[in-house]
Amino acid sequence: MSIQSEETILTEFFAKYNRNPRDWTIYRGRSQTGCPELLILNRIDPNQNWLIKRESEYSGRSGI
């Protein structure tokens with residue numbers, strides 16, 4: 001497991017998603033402290049799962 005930037009993760013994810021969208025599931029929610037989180041799961045390969053955590057509502061990329 002490594003830490004990657006949100007931009008790196010989303011670029012890689014969208015490239016893979018556009019090739020085969022059926023392999024992916026996305027969950028959006030909030031942590032116990034109220035911060036936004038995005039969980040991206042690959043149904044075929046669990047090594048391609050990501051959890052994007054933000055420190056606040058206003059950090060990171062907009063429009064998610």
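The structure holds two salt bridges, a salt bridge being a side-chain nitrogen of Lys or Arg within 4 Å of a carboxyl oxygen of Asp or Glu. Side chains of opposite charge can pair when their charged atoms come close. The model is predicted: local features need pLDDT of at least 70, side-chain atom pairs count only at pLDDT 80 or more, and totals for chains, interfaces and linings use all residues. Residues are numbered from 1 along each chain as its sequence is written, and side-chain values use heavy atoms, with hydrogens and water left out.

One of the salt bridges links R54 to E6, with 2.7 Å between the closest N and O atoms. Because R54 lies in the segment after β3 (50-53) and E6 in helix α1 (residues 6-19), this pair ties together parts that are 48 residues apart in sequence. Helices (H or I, at least four residues) and strands (E, at least two) are DSSP runs, numbered from the N terminus. R54 is buried, its relative accessible area being 15%, and E6 is buried too, at 16%. Here buried means under 20% relative accessible area, exposed over 50%, and partly exposed in between (1.4 Å probe, protein chains only).

The side chains of E12 and K16 form a salt bridge as well, at 2.9 Å from N to O. These two residues stand four apart in helix α1, so about one helical turn separates them. E12 is partly exposed, with a relative accessible area of 30%.

The wider architecture can now be considered. Strand β2 (residues 36-42) runs antiparallel to β3, and four bridges join them; two strands pair if DSSP finds at least two bridges between them. Within this pairing, L38 stands opposite I52 of β3.

Some totals describe the protein as a whole. It has 64 residues, of which 27% count as buried. Among contacts (heavy atoms within 4.5 Å) between residues at least 6 apart in sequence, 29% join residues at least 24 apart. The protein exposes about 5,200 Å², and carbon and sulfur atoms supply 50% of that area. Accessible areas come from the Shrake-Rupley method with a 1.4 Å probe; for residues, only the protein chains shown count as cover.
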